[in-house]
Amino acid sequence: MHVLVIGAGGREHALCWGVARSPLATRLSCAPGNGGISQLAECVDIAVDDFDGIVAYCRAEAVDFVIVGPEGPLVAGLVDRLDAEKILAFGPSARAAILEGSKVFTKNLCKRHNIPTAAFEKFSDLAKAQDYIQERGGPIVVKADGLAAGKGAIVCETTEEALAAAEDILGGQFGDAGNEIVVEQFMVGEEASFFALCDGGNALPLATAQDHKAVFDGDRGPNTGGMGAYSPAPVMTDEMCQKTMERIILPTMRAMEQDGRPFKGVLFAGLMITERGPQLIEYNVRFGDPECQVLLARWQSDPLAALVAAAKGQLAGYEVDWSERAAITVVMAAQGYPGDYAKGSEINGIAEAEAIARVSVLHAGTQLEDGRMLSNGGRVLGVTAQGRDIRTARERAYQGIEAIDWPEGFCRSDIGWRAVEREEQAERDANESSVKNSDSVAMPMIFGDLK
């Protein structure tokens, strides 16, 4: 099977990484790819929005299966175009991809079908939006309706911040994506990422993850596309996963089917785990980045076979095997990200990082030029590691970071901190329990000796 992956980021490197190990894949291409992807797939210089070019390549090179990575071409209808050309593709139609393409659509769907989410109102008029914000006060969340590269949701601590956010978005900060905004209640809880493979009628839950969106340690600073992630997410217990499927994923699948928008692909629910259970923050219609990296690190069975089954509508009874090991990805970004940053600096030490046991370096914004690996984006590398727990995986990931020589890059130093705190607390509780149990066992022995 000749597989073509569409995209150029860390998610696409992870997808290529998974496909390359499948016995079904006899040839692997990526359009346009990046410096890291070029080391395991044939990179072709076709932009993700060049639908004619993608179709022509599929025809000329006998592509059997296309995996569309980014949200942009999905929302724009690339899968529809491929379907019309009788080329099998993984991803939703444009009508189904609206779940990510319009936050207003998704919030209205949740309201109609009683899917738990934050209370909200939508606005295209700035004065009305600001009146609503003044009435509600902070903290409050202001979101652009359309695609904004993961930066369109602004959590505002104060009324003043929310008023400014509404003015910026409706004033053109994100172009047409901000023609309408959603202003919603601030939810209190812990965020988690939940993924389900969907074939239009069936939904298969995948592993869980948590990411870190803020650029600096302690979850401070502006939101980014993601500075790191880990899997599994401890907050997503079996009970919480079941509630997510019953209350959020399956009702959404039914609602989309009723609306004539059956969903195929991967449904990525950003959740807030509250006292009342899981609530939907928003939907994405593709694998997350950097969540995809940690999912593929733990995906033991054949990922390509599962994606093909979803695309063909054959997920009924399907199962995916997961490693019991934890995985973590630490993103290295160019200095200045998510603001202005320079491109073209040389990166060394990647081979040394990958020489560390269970460490892989997945590329996002890189290009290979005359044998030199150069930075070519904001988020540039994702150092991914596995371990028996999050703490062990994190230690290995940061060992990999230390091995990489790239003065122009930076990373957060606390990726996975919530999970590590949980693991350390569980260890302390186990030790205390062990001491108490040993004390209770010792007492009869002492009395026995006194006899």
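Predicted model: local features only at pLDDT ≥ 70, side-chain atom pairs only at ≥ 80, totals over all residues.
Local features require pLDDT of at least 70 and side-chain atom pairs pLDDT 80 or more, whereas totals for chains, interfaces and linings use all residues. Residues are numbered from 1 along each chain as its sequence is written, and side-chain values use heavy atoms, with hydrogens and water left out.

Select residues 140-144, strand E7; helices (H or I, at least four residues) and strands (E, at least two) are DSSP runs numbered from the N terminus. Five of the five residues of E7 are buried, meaning under 20% relative accessible area with a 1.4 Å probe and protein chains only. Ile 140, Val 142 and Ala 144 point one way, while Val 141 and Lys 143 point the other way. In a regular strand the side chains alternate between the two faces of the sheet.

Two strands pair if DSSP finds at least two bridges between them. Val 155 in E8 is the bridge partner of Val 141.

**Helices H1 and H10**

Select residues 10-20 (H1) and 291-298 (H10), whose axes come within 8 Å and cross at roughly 15°; axes are lines fitted to C-alpha atoms over the stretch in contact, and angles run from 0 to 180 degrees between N-to-C directions. H1 is therefore roughly parallel to H10, a term for angles under 35 degrees. On H1, the contact (heavy atoms within 4.5 Å) is made by Gly 10, Arg 11, Ala 14, Leu 15, Trp 17 and Gly 18. On H10, Cys 292, Gln 293, Leu 296 and Ala 297 take part.

**The open sheet E18-E21-E20**

Three strands form this open sheet in the order E18-E21-E20, with antiparallel pairing. Strands E18 (346-347) and E20 (366-369) stand at the edges with a single partner strand each, so one side of each has no neighbour in the sheet. Select E18 with E21 (residues 372-375) to view their two bridges. Glu 346 stands opposite Leu 374 in E21.

**Helix H5**

Finally, select residues 94-101, helix H5, in which the buried residues are Ala 96, Ala 97, Leu 99, Glu 100 and Gly 101. Their cover includes helices H3 (71-76), H6 (103-113) and H9 (238-258). Strands E15 (264-274) and E16 (277-284) are also included in that cover.

Definitions and conventions: Buried < 20%, exposed > 50% of the residue type's maximum accessible area, 1.4 Å probe, protein only. Parallel < 35°, antiparallel > 145°, perpendicular 65-115°, else oblique.
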